[in-house]
Amino acid sequence: MGSVTDLEALLRPPAMEMPPYPPKVVTLASGEEMVVRQVGREEIPTLLKAIYPLLLVERDYYDIVAARLYAELLAYKRYRVRDEYVLVGLIGGVLAGVVNGRLVDAKVGMSYHTMTIRRGLRVGSHLFAAKMEYHIEHIGQEDVLIVAESPIGFRRWMIEYPLEKKYEVQHELGGVPSWVLTRKTYFDAKPRLVSGRRPVPAALLAGAATIRLPGDDVVKRQVLDEKGGGR
Amino acid sequence: MRPVYIVGAGMTRFGRSELPLVDLAGTASLAALRHASLGKVPVDGVVVANMGGSRINRQTALASALVDRLALYPAAAEAVENGPASGASAVKVGFQAVASGMADVVLVVGVEMMRAVDGLEGTDFVASLSHPEVEYIYGVTLPSLAGLFARLYMSRFGVERRHLAMVAIKNHDHAMKNPYAHIHQPITMEGILTSPEAVVNNPLVADPLCLFDCCPVSDGSAAVILASKDIAERLSGPRVRIAGMGQATDTHAVHEREDPTDLRAVRLASEKAFAMADAKPADVHVAELHDAFTILEIAESEAAGFFKRGEAHKAIERGETRLGGRLPVNPSGGLKARGHPVGATGVAQLVELTWQLRGEATDRQVEKAKVAYACNFGGFGNNVIATVLRKEER
């Protein structure tokens, strides 16, 4: 064994070339504009701060999604996961949701998580769709492997698209049998589920250049309260 | 018949509750009892409205349980199940007890915990009110009945999807002013109808109805205290009288109606309620309608007599049913945004109207409101209770 640098090279996974995700803007039910864009490693610490308060929120499986997403983002930042990408949704520059995934190989992608911080506006639906759009239309993959950890996710992905079972493949998230989004499924569902406009107007994009966090109390209120409280 | 007054009103925030069913009802009851400030006046009877406790919460005999939880013994206790009209039915039972002289003070509580089960089971539970042989077994759900009804109504009266969206936008706006509402989220025409993204934001549920045309699935409880005139006169605060109540039924299967767009039970129940109150629709200053689906607010407001048939959507366009308009409809946010815990809804409508008539509705107060109307719509219009409330000056 050689130097620390040599050891790091052994620990760090090789990377595939990935095209950038071109940002887009979507109008939400509230009339607000949400910019969807890719984030790099330098912005991960900001996202970790947003996710941290949700680690102990049991409601709708936020705790398990937050814990796993936290680990995945950290692994991305520290080069301990292969070919991961992260997209965010920003409303007026404020974080509304995060999605991530990775490439299994050139043809197959794997969806990791969808975390909605601003609820009740189908932010998660838009961001998940952006993730699928990235795999199929921009990277040019054939299949995306997907699982759901919550009933909400199951309804949004497995039923709404609808996805096909691919139980012979074990997903990385706990080895749960996978479902799959194929190119055909994606393009069949696109008119109903994938939207957004490009290019993003310069002023909107500039407003989304820096991620602003809503604050721990606001995050918890939005997650627990906006949809009718949790008392 | 003795006059009957609502001397106290309270509710929980609608949405999702983690309280046990009886504690949820107890919370609303205590709020109403505090509001009434009965002092040492005993509660003679307790009536609980609930539709699904036995099926989705595995609990029966709710009124007996509530009396025990609140230590209201030896008050008489009974539960009422009458589908989505359970709330107003329970108020009617309480009204009859006080009006007949059998009781002087009755606590009426509506409660439902629909989020105890997932959406599919919840939808199936509500669909069990449809006709078992000609509707339910063919997969009919309430959204599907409302979709068929909406399509027919739209084709006959020129109602467009934008009118349905206007109802949703209005009621979401009203709910922003109601701390007890399930949904605190303003929506816009662009966001739910006219932008390219609206197809994702507002997906089709039952053609032509979309997500934002449908009420949410809610937990919640609401309670009113009914009292005789003698008791009401001893209490402080404005007096709200139940001036009229009317009930009417229609065919169980919607397709058996001669004209399915004619909400005959709403019309007849309203006529009875207005006759009993010696009032007419034009006298009403504020109304709570059963907008489980946006189209129902339009259709009910016509059947109740507030607008001519086929005219309500034009009044909505003119803003007449908004807060500040000629006849504010659903200042609470309605079922659409305040929420719809089925057994609680009919009571919650009267809670809101009591607050309105007492001048206690804070940011959503309808100025100088003296006469109020509620429509609690059971089944798909096959069992309807209309109520007229009137503020009485001391």
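**A chat about the two chains**

Analyst: Happy to, and let's begin with one glycine: B:G325 is partly exposed, with a relative accessible area of 23%. Keep in mind that this is a predicted model.

User: Where does B:G325 lie in chain B?

Analyst: B:G325 sits in the loop that runs between α13 (312-317) and α14 (334-337) of chain B.

User: And which residues does B:G325 touch, leaving out those up to four places away in sequence?

Analyst: B:G325 touches B:G319 and B:E320. Another pair to look at is B:G325 and B:V286, which are 39 residues apart in sequence, while their C-alpha atoms are 9.9 Å apart in space.

User: Switching to helices. Is α7 of chain B mostly buried or exposed?

Analyst: 11 of the 15 residues of α7(B) are buried, so the helix is largely enclosed by the rest of the structure. Among the buried ones are B:H163, B:L164, B:V167, B:I169 and B:H174.

User: What covers the buried residues of α7(B)?

Analyst: The cover includes the helices α6 (142-157), α8 (189-194), α12 (294-303), α13 and α14, along with the strand β6 (209-210), in chain B.

User: How does the span of α7 compare with what its 15 residues should give?

Analyst: It agrees: at 1.5 Å a residue, helix α7 (residues 161-175) of chain B should span 21 Å, and its end C-alpha atoms are 21 Å apart.

User: Cysteines next. How many disulfides are there over all chains?

Analyst: A search of the whole structure finds 0. Take B:C215, which is in no disulfide: the nearest cysteine sulfur belongs to B:C214 and is 7.1 Å away. B:C375 is in no disulfide either, and the nearest cysteine sulfur, that of B:C215, is 14 Å away.

User: Is B:C375 buried or exposed?

Analyst: B:C375 counts as buried, because its relative accessibility is 0%.

User: OK, over to chain A. What is the order of the strands in the sheet?

Analyst: The sheet is open, has 8 strands and mixed pairing, and runs β1-β2-β3-β4-β5-β6-β8-β7. At the edges stand β1 (24-27) and β7 (164-170) of chain A, each with a single partner strand, so one side of each is left without a neighbour in the sheet. From one strand to the next, the twist averages 30°.

User: How many bridges join β4 to β5 in chain A?

Analyst: There are 7 bridges between strand β4 (residues 94-103) and strand β5 (residues 108-116), and the two run antiparallel. A:G97 stands opposite A:T116 in β5(A).

User: Last topic: how many helices and strands does each chain have?

Analyst: Chain A has 8 helices and 8 strands. Its radius of gyration is 17 Å, close to the 17 Å that the globule rule gives for 231 residues, so chain A is as compact as a globular protein of that length. Chain B has 15 helices and 11 strands. The radius of gyration of chain B is 19 Å, close to the 21 Å from the globule rule for 394 residues, so chain B is also as compact as a globular protein of its length.

User: And what share of each chain is buried?

Analyst: In chain A, 51% of the 231 residues count as buried, and in chain B buried residues make up 63% of the 394.

Note on methods. Residues numbered from 1 in each chain as written. Chains lettered and ligands numbered in written order. Predicted model: local features only at pLDDT ≥ 70, side-chain atom pairs only at ≥ 80, totals over all residues. Heavy atoms only, no water. Helix = DSSP H or I, 4+ residues; strand = E, 2+ residues; numbered from the N terminus. Buried < 20%, exposed > 50% of the residue type's maximum accessible area, 1.4 Å probe, protein only. Contact = heavy atoms within 4.5 Å. Expected span 1.5 Å × (residues − 1). Disulfide = S-S within 2.5 Å. Pairing = 2+ DSSP bridges. Axes fitted to C-alpha atoms, helices over the stretch in contact; angles between N-to-C directions. Rg over C-alpha atoms; globule rule 2.2 N^0.38 Å.
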